[in-house]
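This briefing concerns the structure displayed below. It begins with the overall arrangement and then turns to selected helices and residues.

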Amino acid sequence: MASPTPTPGLRNAAFAIALLAPLLAIQLHLTAALLSGLLIYVLVHGIAPLLEQRLSSHGARLVAVAVLSMLIITAITLLSFGIAAFLHSNVGSLPALMQKMAEILESSRAWLPRWIAQYLPTDSSEMQAQVADWLRAHAGGLQKIGGESLRGLAHALIGMVVGALLALREVNGDESGGPLAQLLKAHAKRFATAFRQVVFAQVRIAAINAIFTGLYLLVALRLFDIHLPLAKTLVVLTFIAGLIPIAGNLISNTVITIISLSHSLLLAVVSLAFLVILHKLEYFLNARIIGSHIKARAWELLMAMLAMEALFGLAGLLMAPIYYAFLKAELGERGLV
């Protein structure tokens, strides 16, 4: 029997629920579960059809998708632990990078222009005092982050399992549910599409950024016999920071420019110029990869990120591009934008 046609009131209710649900997930500290679940869902949903074409049995398709889901979950988990292990190793230690930056800033006071040097700490003790003051001021937040890291990991794993189960449910062809359930399912698919468009595009952009940065740090500079410290760590940091639209580039650019000061002020200027040119070229890439799908300019994403960060903190900053793309898709579906 065909489902009854949804009334305008029911459509508006589903629309309101769809817009509020991601914000509620952020407020309940379920961002890790939501993003990891979506990642598994879209990966399985994208790869599974290639397997299903070769299988005629429904049971075989279910088994194939289940195995694929487990392989993807395992691969992502191992990759996450691998990156974490690298960043805590002797080769790629983030604390070593921070310490090196502090040493460079301290030693560069002697030859930097006075208008720049006046903003730097006078010595390591002053720098340590500033860091200590910052740590005391943010002690509560840091303790909260440390205490919730294990919970976030557990949420991410649970989210991955939920995403895999949802992908299996689609293979099973279960279309049950009333009008509200069907409307919410359509909104959820639109949110998953926004996630795929933004996140996968940002991964490609971050990878391209890291590749060109690696060529500059590990190939071009070494041709001139310039070996910057912790160059491999800088490449990994560039990729990870690049996953955050716009703001990530500011983080990686600042770190690379400071590390370049260990060689000379000229190299720092050259590095900064290279990074600025690279990211200017990326604006065209960004517009082509992301903007063509969600029709959003850089200033739109930046405004969305500022607003979401002010409301929800770091989780809001991470969710902002996805939520903004979803919002524009929903408004576009209603002919409002």
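Along the sequence, the protein follows the pattern α-α-α-α-α-α-α-α-α-α-α-α-α. It contains 13 helices and 0 strands, where helices (H or I, at least four residues) and strands (E, at least two) are DSSP runs numbered from the N terminus. This is a predicted model, in which local features need pLDDT of at least 70 and side-chain atom pairs count only at pLDDT 80 or more, while totals for chains, interfaces and linings use all residues. Residues are numbered from 1 along each chain as its sequence is written, and side-chain values use heavy atoms, with hydrogens and water left out.

**Confidence**
- The mean pLDDT (the predictor's confidence in each residue, from 0 to 100) is 76 for the protein, and 69% of the residues score at least 70.
- Confidence is highest in helix α1 (residues 8-27), at a mean of 91, and lowest in helix α6 (residues 124-137), at 53.
- Where pLDDT is low, the predicted coordinates should not be read in detail.

**Burial, surface and contacts**
- Of the 337 residues in the protein, 35% are buried; buried means under 20% relative accessible area, exposed over 50%, and partly exposed in between (1.4 Å probe, protein chains only).
- The protein exposes about 19200 Å², of which carbon and sulfur atoms supply 70%; accessible areas come from the Shrake-Rupley method with a 1.4 Å probe, and for residues only the protein chains shown count as cover.
- Among contacts (heavy atoms within 4.5 Å) between residues at least 6 apart in sequence, 74% join residues at least 24 apart.

**Helix α8**
- Helix α8 (residues 179-223) has 45 residues and should span 66 Å at 1.5 Å a residue, which agrees with the 65 Å between its end C-alpha atoms; the expected span is 1.5 Å times one less than the number of residues.
- At Tyr216, α8 bends by about 30°, the bend being the angle between axes fitted to the seven residues ending there and the seven starting there.

- Ser69 lies in helix α3 (residues 58-87) and counts as buried because its relative accessibility is 2%.
- Not counting residues up to four places away in sequence, Ser69 touches Val44 and Ala164.
- The C-alpha atoms of Ser69 and Met160 are separated by 8.8 Å, although these residues are 91 apart along the chain.
- Glu330, in helix α13 (residues 314-333), is buried, with a relative accessible area of 2%.
- Leaving aside neighbours within four places in sequence, Glu330 contacts Phe15, Leu19, His187 and Arg190.
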